[in-house]
Amino acid sequence: MSVMIKENPISEKAMIEEAEKALADISRVRDAVGRVIFGQEAVVERTLVALLAGGHALLVGVPGLAKTKLVETLGIVLGLDSRRVQFTPDLMPSDILGSEVMEQDEFGKRSFRFISGPIFTQLLMADEINRASPRTQSALLQAMQEYHVTIAGARHDLPSPFHVLATQNPLEQEGTYPLPEAQLDRFLMQVDILYPEIEAERRILLETTGVDEAKADNMLQPVRLREVQTLIRRMPVPESVVEAILKLVRSARPGQGNAETDKHVAWGPGPRASQALTLCARARALYDGRLAPSVDDVRALAEPVLQHRMALTFAARAEGTSVRDVVAKLAKGI
């Protein structure tokens, strides 16, 4: 008999009512984004799934594929206070987090006052994140995991919800700093953005080079987004899906009995990958109009959730094997 795993149990009737409202909201959000972003349905789906699951996403693609436009559009449609930081080699942690300044009042008394940085927002776009030094990149670590920052020993909580959507150019590597594994693991998904199909590109040419250009409309409020995120965490997960996630993630680690993995993978994903797959599978099910995730959701999300949490051996890279190839084979086995 199948066992259903639930968090914060809720009656089936109430769950269905909440889910129907969420489905209507998600449908309006999807349509609003689709009026501005053309031919990137999979990218929009995965990015929205990451936000609905309450996480962060790394958008990887060459210039000109509407990465910045997508983030701006999502901020408007979801009603989030959003800010953009252009990462450069000379960017300092204080440029992101903020800093304390000394002030003197009219009586000559001096005191420190904290001036918050752009990270104190609900949707932070970290543009070309790999251009900043590791010291600056590390400024995001605590914020992305714990949703607060510590400056001069004082804790400063971030707004809720808080999401980071970072962009990265996979081609230009000169003058860039690879993201450390610890930071990559904080991203719920890595969303690869490919070139659009010809019909989508034709539509882009016709609709974005005239006088009138499609603009995004607000469809949701941050409070409502938090309610949907809470609903997703309450959704039941069939035991078959839990077993599929465990099998997939554990098979991606060397030394677990999988010959292909032992041959090609230097190190594999940790438990955070399992957590990410569980949350994203729930979010994708709701995005698709279902009340519970399936094994198909796990297969569809295997690549974006696992690929940035794995590293290949030197021999595998020399053979031309990619992480996507390894993940695709593993996903077929669940």
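What is the order of the five strands in the open sheet? The views below come from a predicted model.

**View 1. The open sheet runs 3-6-9-2-10.** Its five strands show parallel pairing. Strand 3 (82-86) and strand 10 (189-192) form the edges, each pairing on one side only. On average, neighbouring strands are turned by 20 degrees against each other, direction ignored.

**View 2. Strand 2 pairs with strand 9.** Residues 57-60 and residues 163-168 run in the parallel sense, joined over four bridges. Leu58 stands opposite Ala166 of strand 9. Helix 2 (residues 41-52) packs on the sheet and touches strand 2, strand 9 and strand 10. The directions of helix 2 and strand 10 make an angle of about 165 degrees.

**View 3. Leu277 sits in the largest nonpolar core.** This core has 74 residues. Leu277, Leu286 and Leu306 have the most contacts inside it. Helix 12 (residues 271-287) gives the most to this core: 10 residues. Beyond four places in sequence, Leu277 is in contact with residues including Ile245, Leu248, Val298 and Leu306. Another core, of 26 residues, lies apart; among them are Phe120, Ile129, Ala166 and Phe187.

**View 4. Residues 262-329 carry a UniProt annotation.** The unreviewed entry names this span "domain: ChlI/MoxR AAA lid". The span is 65% helix and 7% strand. Its end C-alpha atoms lie 13 Å apart.

**View 5. Pro238 lies in strand 11 (residues 237-238).** Pro238 counts as buried because its relative accessibility is 12%, under the 20% cut-off. Its C-alpha atom is separated by 30 Å from that of Leu59, 179 residues apart along the chain.

Technical notes. Residues numbered from 1 in each chain as written. Predicted model: local features only at pLDDT ≥ 70, side-chain atom pairs only at ≥ 80, totals over all residues. Heavy atoms only, no water. UniProt positions renumbered as here; feature names shortened; annotations may be inferred. Helix = DSSP H or I, 4+ residues; strand = E, 2+ residues; numbered from the N terminus. Core = buried A, V, L, I, M, F, W, Y, C linked by side-chain atoms within 4.5 Å. Buried < 20%, exposed > 50% of the residue type's maximum accessible area, 1.4 Å probe, protein only. Contact = heavy atoms within 4.5 Å. Pairing = 2+ DSSP bridges. Axes fitted to C-alpha atoms, helices over the stretch in contact; angles between N-to-C directions.
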